[in-house]
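Take a look at the sequence and the 3D view, then read on.

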Amino acid sequence: MNKVILMGRLTRDPEVRYSQGQNGEQMAIARYSIAVDRRFARRNGGDEQTADFINCVAFGRQGEFAEKYLKKGTKIAVTGRLQTGSYTNKDGQKVYTTDVVIEEQEFAESKGSADGSTGGYTPRESAPAPSSADAAGFMSIPEGIEGDLPFK
């Protein structure tokens, strides 16, 4: 099985080009990379965070979506498959490549939380949130009902 699931932020705007598809139609090919956080424990006991930079390529409708909606800094979740390849560069050296071929991609945060605004969205008046909900909108579980929950 070859399946990759990643969440990260675009490191640059997608580079999109079009090539001839099978039926003579134009097909979008979008290339971008995402920074995926990696955590590891240091020997001194600290927790340092770094990132891996993963190259992605999206074809067809997925490429068109990337061209239209994705930009540097956008947090996305992607699924796809890992693909390796190689080519010889102009200096005659063999270069090996690894890309994630995108099958699905979706936003991992709202536009408002990405840029600190409401993203043009103005909420309509609605019923007030339940008083037992916290700031994130989650309701608290009442004390003493642990035995009634269908999961542990």
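What follows is a short tour, from the overall layout down to single residues. Keep in mind that this is a predicted model. The protein has two helices and six strands, and along the sequence they come in the order β-β-β-β-α-β-β-α.

**The big picture**

- The protein has 152 residues, and 21% of them count as buried.
- Take the contacts with a separation of 6 or more: 56% of them are between residues 24 or more positions apart.

**The nonpolar core**

- In soluble globular proteins, nonpolar side chains tend to be buried together.
- Here, the largest nonpolar core has 15 residues, and L6, Y32, I34, I76, V78 and I102 are the ones with the most contacts inside it.
- Five strands each put in at least two residues: β1, β3, β4, β5 and β6.
- Strand β3 gives the largest share of this core, with four residues.
- What does I76 touch, once you skip its neighbours within four places in sequence? Its contacts include L6, M7, G8 and L10, along with Y32, I34 and L70, and also E106, F107 and A108.

**Salt bridges**

- Side chains of opposite charge can pair when their charged atoms come close.
- How many salt bridges are there in this model? The count is four, and three of them are worth a visit, starting with E109 and R9.
- The side chains of E109 and R9 form a salt bridge at 2.8 Å, N to O. E109 sits in the loop between β6 and α2 while R9 is in strand β1, so this pair ties together parts that are 100 residues apart in sequence.
- Both partners are partly exposed: E109 has 21% relative accessibility, and R9 has 35%.
- D99 and R31 also meet through their side chains in a salt bridge, at 3.7 Å, N to O. D99 belongs to strand β6 and R31 to strand β3, so the pair ties together parts that are 68 residues apart in sequence.
- Is D99 buried or exposed? D99 is buried because its relative accessible area is 14%, which is under the 20% cut-off.
- D52 is in strand β4 and R38 in strand β3, so to speak two distant parts of the chain, 14 residues apart.
- D52 is partly exposed, with a relative accessible area of 30%, and R38 is partly exposed too, at 39% relative accessibility.

**A buried glutamine: Q105**

- Q105 is found in strand β6, and it is buried, with a relative accessible area of 9%.
- Leaving out neighbours within four places in sequence, Q105 is in contact with Y32, A58, Q62, F65, A66, L70, A77 and V78.

Conventions: Residues are numbered from 1 along each chain as its sequence is written. This is a predicted model: local features need pLDDT of at least 70, side-chain atom pairs count only at pLDDT 80 or more; totals for chains, interfaces and linings use all residues. Side-chain values use heavy atoms; hydrogens and water are left out. Buried means under 20% relative accessible area, exposed over 50%, partly exposed in between (1.4 Å probe, protein chains only). Contact means heavy atoms within 4.5 Å. A nonpolar core is a set of buried Ala, Val, Leu, Ile, Met, Phe, Trp, Tyr and Cys residues joined through side-chain atoms within 4.5 Å.
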